[in-house]
Each structure stands twice: as C-alpha cells, then as structure tokens.
Amino acid sequence: MSEKDKQKVWIKFIIYTLVVGGIVAAFSVMSDHLPLVTSMTTPELMVSYVAIMLNSLPGWFIMAMFVGYVFGTRTRQAACFGSLYIISSITMYFVIGHFYNDQPDSVVWSLKDIIYIFITWYGASVVGGIVGGIVGFLFIKKPVVLVTLPAGLLLQLFLNGTRGWSDILGMAQSVTYCLIIISVFIYFFRLKTIKNKKVKHFA
C-alpha cells in the first residue's frame, strides 16, 4: 500500500470516528438519562432501545470489530484503529455527558475518584478496542474468531442477571443478545456445511 493510500485510509477512519463515534457517544449519554419506562411513548422506547444497545460492552466491542474489519489492512493496524476509535468515543461520551450532568453542584469528585474512573474506563476501552479490532480484521480470513462475540454476550447476560429482564427495555436488550448468539452459531453451522460439501465435491 502506497503512502497516499495509507493517508486515505486514515482520513476515512478519522471522519468515521468523529461522525459515528460522536453519534454512539450521544446515544450512550442518552441511555444514562432515560425517563421511567412506564412514561415512555413507543418512539421513545425505540430510541431508548438503540441507546442502551449502543451503550453496552457488546455494543462498543462490535463497533470496534467493525472498525477493524473495514479499515484494518494488517493485524497491528486493526488493533490500533479499534483502540483509537473506542478511546475517541469514550472521550466524546465524557464531554457530552458533562453537559447533561444531573448531579448537584455540591458533589465534588476527588482526584482519586477521577483517576480510578479514567483508569478503569480507558483501560478497559483500550483492551476492548484492541481485541475487537483484531477480531474484526481476522474475521475476513478466520471466521472462527467470531466465537469471542457470543462468549462476550453470554458474559453480559450473566452480569445483567435478572435485572436484564426486569422491564421492557432490559428484555429487548437481552433478547437481542440471545438472537445474536443464535445467529453466530447458525453462521458457524452453515460454514461447516458448505465446507463439508466442498470436501465431498472434490473427493
């Protein structure tokens, strides 16, 4: 790949990160300030569903996978793009969230609290972005890496526990996770079936 082509990839990645990452960050902040489910209209429920899906660990991981799949040309670059996208989105999330802060002015975060939040959020974001970017890139040649997605979704369902089924939005999110898990295993089954047919054809 020439230097000019590399520059084009970076420009497209930056534009994508600013636009899509900004939208995801805005929806994520929205999911932190949702009204009571019982008071929502149908359109509000739909928007809220999108918001809580985007503002979830699987949601962020899938976005990092997509970045690695679309923009990565090698493993290291996919990992870099994945982590940069997540870090940028998290940063925009903090910035946008600052203007929606509903805590009283008397609440003051200590330096220790701020450091802890940034280490946990950005630390997890870097790791998730790297893994997601690599998985998205490797998926092109090694679809088996997609198994990390249902594994992460099962973990999220376990962490949510009964709370994930306590209201209509939680149920919608949990059902979506279950459908994605089933879809991935159906995809693996189809791949195996196609592979077996090819082996029999050339036998």
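Lys and Arg count as positive here and Asp and Glu as negative, while His and the chain ends are not counted. Each charge is placed at NZ of Lys, CZ of Arg, CG of Asp or CD of Glu. On that basis the protein chain carries 16 positive and 8 negative side chains. The centres of the two sets lie 28 Å apart.

The model is predicted: local features need pLDDT of at least 70, side-chain atom pairs count only at pLDDT 80 or more, and totals for chains, interfaces and linings use all residues. Residues are numbered from 1 along each chain as its sequence is written, and side-chain values use heavy atoms, leaving out hydrogens and water.

Now the fold. The protein chain has seven helices and zero strands, taken as DSSP runs (helices H or I, at least four residues; strands E, at least two) numbered from the N terminus. In sequence order the pattern reads α-α-α-α-α-α-α. Along the principal axes, the C-alpha atoms fill a box of roughly 75 × 45 × 35 Å.

Next, contacts (heavy atoms within 4.5 Å). Of those with a separation of 6 or more, 76% join residues 24 or more positions apart.

The surface comes next. The protein chain exposes about 13000 Å², by the Shrake-Rupley method with a 1.4 Å probe. Carbon and sulfur atoms supply 72% of that area. Of the 203 residues, 33% are buried, meaning under 20% relative accessible area (1.4 Å probe, protein chains only).

One residue brings this down to local scale. S174 sits in helix α7, residues 168-202. S174 counts as buried because its relative accessibility is 1%. Leaving aside residues up to four places away in sequence, S174 touches L157, G164 and W165.

Methods
Buried < 20%, exposed > 50% of the residue type's maximum accessible area, 1.4 Å probe, protein only.
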